[in-house]
Amino acid sequence: QKLNTNLIDINYIFTAHTNASYLPNYIKKENVKIKVVRFPEATILSPNNKENPFLKIENKKIYNVLSDFFLFSSKSDMEVFFGKKIKKEVKKKIIFCGILRYENWWIKKYRKNNNKKNKKFLILIPLRPPNKSFFQKESFENFLHSAKYLVDNLADAQIIFKLHPDLNKEHLVSNYLKNFNKNSWKISTRHMLDLSNYANVCIGTMTSACLDSLANKVPTIDYYDVNYELKKSQHLKKMINVAYDKDQKKWLPIFTFKKIMKNVTNKNDLLKIVRDIKDKKNKSVWREYYQNFDKIICFQK
């Protein structure tokens with residue numbers, strides 16, 4: 001089908017790394033001056049091959065598609081797509097740009113109405129659906145039970161659930177939330193960058209949505225038991241979700257490995273940490289996480 005566009009007026013085509021479509025090739029045949037730019041379609045952090053030697057590279061198709069420039073947030077992000085051996089002609093096209101989504105000029109757009117003077121202690125939870133690779137159904141259920149445990153034991157606490165697009169709220173969420181006090185939670189469709197403006201703490205489980213709360217300097221907890229998940233699925237070792245800490249000789253969630261989030265694996269520890277946040281204790285610990293996050297998003301080769 002012919003595009004209803006004058007290709008002479010187009011200077012750049014932006015497309016995600018994982019999009020192996022040959023459409024840019026066809027368009028460029030009509031106008032060779034057009035520059036094709038490929039960019040990371042997600043903000044998830046990636047380990048490099050040293051940090052996770054089992055990491056499986058499955059993006060060989062990217063070599064077969066046309067591109068004038070490749071944008072990557074980091075060297076690790078680049079290795080996920082290309083591996084270690086990169087062709088010389090491709091290296092010349094690579095630009096390291098950090099995570100553009102979190103540049104100050106953009107984040108400030110969400111801070112205009114910043115108002116954390118709420119009567120409620122707001123707990124923001126970006127909720128993802130379970131899967132057999134790295135987040136078992138029983139882990140999902142435990143996560144919701146732990147969330148209920150928090151609001152049952154913290155005065156004036158309220159949870160704001162931000163649901164993952166793939167999460168079927170009718171079947172997976174509603175059955176659990178009916179056990180919550182009806183005034184202790186709500187589901188929001190607003191953007192995470194907006195919601196985190198008002199949150200006192202964010203608790204997620206292996207989701208890049210939590211990076212949005214870090215960008216707004218909100219104490220962020222990764223509630224994830226990597227040892228339990230590995231017992232259930234060894235496939236996890238081949239994914240970007242984990243990295244191997246050689247000093248501690250154990251696998252860690254990628255956010256913990258990168259030292260940008262506090263990792264918690266049980267409801268009692270979770271309650272203690274959230275209560276400290278509510279009581280405004282240990283602020284220096286969270287500042288260190290923010291500083292590490294800032295170094296990652298401003299990556300330069």
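Hi everyone. Let me begin with a term: helices here are DSSP runs of H or I, at least four residues long, numbered from the N terminus. With that in hand, please keep in mind that this is a predicted model.

I'll start with helix α5. It runs over residues 137-153, so to speak, 17 residues in total. From its first C-alpha to its last it reaches 25 Å, close to the 24 Å expected at 1.5 Å a residue. Which residues of α5 are buried? They are Ser139, Phe140, Phe143, Leu144, Ser146, Ala147, Leu150 and Val151. These residues cover an arc of only 155° around the axis, which puts them on the same side of α5.

Now to the charged residues. How many salt bridges does a search of the whole structure find? The search finds eight, and I'd like to show you three of them.

The side chains of aspartate 152 and lysine 148 meet in a salt bridge, at 2.7 Å from N to O. Because aspartate 152 and lysine 148 are four residues apart in helix α5, about one helical turn separates them. Aspartate 152 is partly exposed, with a relative accessible area of 47%, and lysine 148 also counts as partly exposed, at 23%.

Glutamate 138 and lysine 232 meet through their side chains in a salt bridge of 3.6 Å, N to O. Glutamate 138 lies in helix α5 and lysine 232 in helix α9, residues 226-232, so the pair ties together parts that are 94 residues apart in sequence. Glutamate 138 is partly exposed at 34% relative accessible area, and lysine 232 is partly exposed at 48%.

One more: aspartate 194 and arginine 190 form a salt bridge between their side chains, 3.0 Å from N to O. Arginine 190 is partly exposed, with a relative accessible area of 38%.

Let's turn to the interior. In soluble globular proteins, nonpolar side chains tend to be buried together. In this model, the largest nonpolar core has 71 residues, and those with the most contacts inside it are Ile123, Leu127, Ile203 and Ile221. What does isoleucine 203 touch, leaving out residues up to four places away in sequence? Its contacts include Ile123, Ile125, Pro126, Ile221, Tyr223 and Leu270.

Finally, a second, separate core has eleven residues, including Leu55, Met78, Phe81 and Ile86.

Key
Residues numbered from 1 in each chain as written. Predicted model: local features only at pLDDT ≥ 70, side-chain atom pairs only at ≥ 80, totals over all residues. Heavy atoms only, no water. Helix = DSSP H or I, 4+ residues; strand = E, 2+ residues; numbered from the N terminus. Expected span 1.5 Å × (residues − 1). Buried < 20%, exposed > 50% of the residue type's maximum accessible area, 1.4 Å probe, protein only. Arc of directions from axis to C-beta. Salt bridge = Lys/Arg side-chain N within 4 Å of Asp/Glu carboxyl O. Core = buried A, V, L, I, M, F, W, Y, C linked by side-chain atoms within 4.5 Å. Contact = heavy atoms within 4.5 Å.
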